[in-house]
Amino acid sequence: MFLFACNLGYGQMDAYQYKKEIKGVTEQWHKVVLTDDIFSKISPDFKDLRIFGISGKSDTLEVPYLLNSSQEKIVNKEIEPQILNVSKDRNGYYFTFEISGAEVVNQINLNFSQKNFDWLVRLEGSQDQLNWFTLADQYRMVSVKNELTDFQFTQLVFPNAKYRFYRIYIPGELKPEITRISISKRETSKGIFKRYPPRRVEQKQLKKEKQTEMMIEMERPVPVSALKIAVQEGFDFYRPLTIQYLADSFKTETGWKYNYRTLTTGILNSMDTNAFVFGSVILQRLKVGIDNQDNQPLNIEGVEVLGYYFELV
């Protein structure tokens, strides 16, 4: 059985088209960082990676491993608050709510029945509803919904706070209708991204489709997890966006045909960093479509293609 296992191991090794030696093996545990040249040789799901150990007697043993990445780790503990009262002065509305227990929080998500607004809100905290302390001021919340755009930004992010009562002030004559409110503590261990400089970035305006199309080509296939788009404009903008990657291509009598698959969709806007994160995919070409509709095309300064580090342990 042992000889059969050795022969089977050699047979498996001979079946692979690409091999790379692991040097400096001296301890029981090791870490192997996957280099860029490997990604063009493996399957997109990483499932065809194998590690074989070879002894001095030419005996082989397949070595088990864990696949780790430098992706950020997110823990989100959500709390449902109780709205105590809603009050109004001549400038706007106050929403006061209470959370049970002494919980540390740093994020509030709000849903409104209104679909079009642009508010600068203030968030305050208190232990007794007598002394209030400002946690965030002039914090912008926006909702735009029409036949061209459906965009919302109604999340309050602030430094860690520990109060029993919270109060949100929203200026304006029309009463905001809050349909849902949730408070949470979001803990994120920051991910480590590797920047992949594109070999070529092409941009063109599709007048008939009223779109800006960007083609981003990498030097070689690499695992991409995020795309950051830098826009230089002095006005507010909200543009639907689709990010796709080239999945495969084939030649026909009329030329090459290309199949693209969608990685993510979103809104390119003037309020955010415009960093779009998605599941890691090994790719070499990206296509970005920006819907301008009847608006002038945006002045795009540049793009950053980012990916996580991968290692075998």
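Modeller: On a 1 Å grid over the protein atoms alone, a cavity is a set of points where a 1.4 Å probe fits but cannot get out; a pocket is an open set with protein on both sides within 12 Å along at least five of seven lines, and a lining residue has an atom within 4 Å of a point. Please note that this is a predicted model, in which local features need pLDDT of at least 70 and side-chain atom pairs count only at pLDDT 80 or more, while totals for chains, interfaces and linings use all residues. Residues are numbered from 1 along each chain as its sequence is written, and side-chain values use heavy atoms, with hydrogens and water left out.

Colleague: Which residues line the largest cavity?

Modeller: Rolling a probe the size of a water molecule over the atoms shows where empty space is left. Here, one cavity of 30 Å³ or more is counted. The largest cavity has a volume of about 40 Å³, where a volume is the space filled by probe spheres set on grid points joined across faces, edges and corners. Its lining consists of Leu34, Asp36, Phe39, Lys194, Tyr196, Tyr308, Tyr309 and Phe310.

Colleague: What volume does the largest pocket have?

Modeller: The largest pocket has a volume of about 1200 Å³. It is lined by 33 residues, and those closest to its centre are Lys20, Ile22, Arg50, Ile51 and Phe52. The elements giving two or more residues to this lining are β1 (32–33) and β2 (52–54); a strand is a DSSP run of E, at least two residues long, numbered from the N terminus. The largest share, three residues, is that of β2.

Colleague: How many bridges link β9 to β13, and how many join β9 to β10?

Modeller: Strand β9 (residues 117–126) pairs with strand β13 (residues 165–171) in the antiparallel sense over five bridges. Glu124 stands opposite Arg167 in β13, and Ser126 has Phe165 of β13 as its bridge partner. On to strand β10 (residues 133–145): eight bridges join it to β9, again antiparallel. β9 and β10 form a hairpin with six residues between them, and Gln129 in the turn has a positive phi of about 65 degrees.

Colleague: Is Gly125 buried or exposed?

Modeller: Buried means under 20% relative accessible area, exposed over 50%, and partly exposed in between, using a 1.4 Å probe and protein chains only. Gly125 belongs to strand β9 and, at 0% relative accessibility, is buried. Eight of the 10 residues of β9 are buried, so the strand is largely enclosed by the rest of the structure. Leaving aside neighbours within four places in sequence, Gly125 is in contact (heavy atoms within 4.5 Å) with Asn131, Trp132, Phe133, Leu135, Tyr163, Phe165 and Tyr166.

Colleague: Which strands stand at the edges of the four-stranded sheet?

Modeller: That open sheet has the order β5-β14-β8-β12, with antiparallel pairing. β5 (73–79) and β12 (155–161) stand at its edges with a single partner strand each, so one side of each has no neighbour in the sheet. Its twist averages 30 degrees from one strand to the next. Within it, six bridges join strand β8 (residues 105–112) to strand β14 (residues 178–189), which run antiparallel; Leu110 has Ile181 of β14 as its bridge partner.

Colleague: Where does Lys210 lie, and where does Asn274 lie?

Modeller: Most residues other than glycine have a negative phi. Lys210, however, has a positive phi of about 60 degrees. It lies in the loop between β16 (200–206) and β17 (211–231) and is partly exposed, at 34% relative accessibility. Asn274, with phi near 55 degrees, lies in the loop between β19 (255–269) and β20 (275–291). At 6% relative accessibility, Asn274 is buried.

Colleague: What is the mean pLDDT of the chain?

Modeller: pLDDT is the predictor's confidence in each residue, from 0 to 100. The chain has a mean of 88, and 96% of its residues reach 70 or more. Over residues 1–9, pLDDT stays under 50, and the model has six contacts beyond four places in sequence for them.

Definitions and conventions: Pairing = 2+ DSSP bridges. Axes fitted to C-alpha atoms, helices over the stretch in contact; angles between N-to-C directions.
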